[in-house]
Amino acid sequence: MKDTTAEKIDELIERYPALEICHENLTKAVEKICESFRAGHKLITCGNGGSAADAMHVVGELMKGFLLPRKIEDFNKDFVRRAAELFPGDVGYFKANLQCALPAISLVGETSLTTAFANDNVPDLVFAQQLFGIGQRGDTLLAISTSGNSENVLYAVEVAKILGVNSIAMTGQHGGRLKHIADISICVPADSSYTIQEFHLPIFHTICIAAENEFFG
């Protein structure tokens, strides 16, 4: 990890001193996610309710520029070269607007799939089913649950471990069952859903900022 990437985590703790207890595992989470990206793998996210929104929020920050410019001409010259060869009239438009991405997918937005599976099979395996379909060894699952006991999130983590997908949990101070089955657990110092989520937002923002800095800083 770059020194400047580690500094992003330190800056979070300076703003939120109560999160000092999460420093070590947050650092491990950033290292694991960056290791996965570096090897050509992806981040997969899931959660329920407000945590579902957080899961999609993470994807939104990774799949396009967040704080840094990610110009394709700076970081993906091969794409620009091939675009110029195949579509010379559009390469300028691509260069001006496309941004390099860190590959991430949320499991919470597939309405047709999740409702069909919940109706035809069982609702608590909707995330596990998707992970079973798209998860590959070396990918990373970011599983968000304020209680740490959400059955559909727990089953997703179990399938992740079976497949060889890394698992990172974001949860509350008690961690629930999730704390004990995830590879890395970030347990924030709060015990009600809304206060846990208030800590989750700056944490996942920091994960995204740190990963972006690692690859595009």
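1. A word on terms to begin: a residue is called buried when its relative accessible area is under 20%, exposed when that area is over 50%, and partly exposed in between (1.4 Å probe, protein chains only). By that rule alanine 156 counts as buried, because its relative accessibility is 0%.

2. Some background before going on: this is a predicted model, in which local features need pLDDT of at least 70, side-chain atom pairs count only at pLDDT 80 or more, and totals for chains, interfaces and linings use all residues. Residues are numbered from 1 along each chain as its sequence is written, and side-chain values use heavy atoms, with hydrogens and water left out.

3. Back to alanine 156, which sits in helix α9 (residues 151–163); helices here are DSSP runs of H or I with at least four residues, strands are runs of E with at least two, and both are numbered from the N terminus. Leaving aside residues up to four places away in sequence, alanine 156 touches Cys46, Phe127, Ala128, Leu131 and Leu141, where contact means heavy atoms within 4.5 Å.

4. How many salt bridges does the structure hold? There are 10, each being a side-chain nitrogen of Lys or Arg within 4 Å of a carboxyl oxygen of Asp or Glu. Asp78, Arg81 and Glu85 are linked in a network of such bridges.

5. Do look at arginine 38 and glutamate 214, whose side chains meet in a salt bridge (3.0 Å, N to O). This pair links distant parts of the chain, with arginine 38 in helix α2 (residues 23–38) and glutamate 214 in helix α11 (residues 193–216), 176 residues apart. Arginine 38 counts as exposed at 51% relative accessibility, whereas glutamate 214 is buried at 10%.

6. Another salt bridge joins arginine 70 to glutamate 212, with the closest N and O atoms 2.9 Å apart. Here too distant parts of the chain are linked: arginine 70 is in the loop between α3 (50–62) and α4 (72–75), glutamate 212 is in helix α11, and 142 residues separate them. Are these two partners buried or exposed? Arginine 70 is buried at 1% relative accessibility, and glutamate 212 is buried with a relative accessible area of 1%.

7. Glutamate 151 is partly exposed at 34%, and arginine 177 is partly exposed at 41%.
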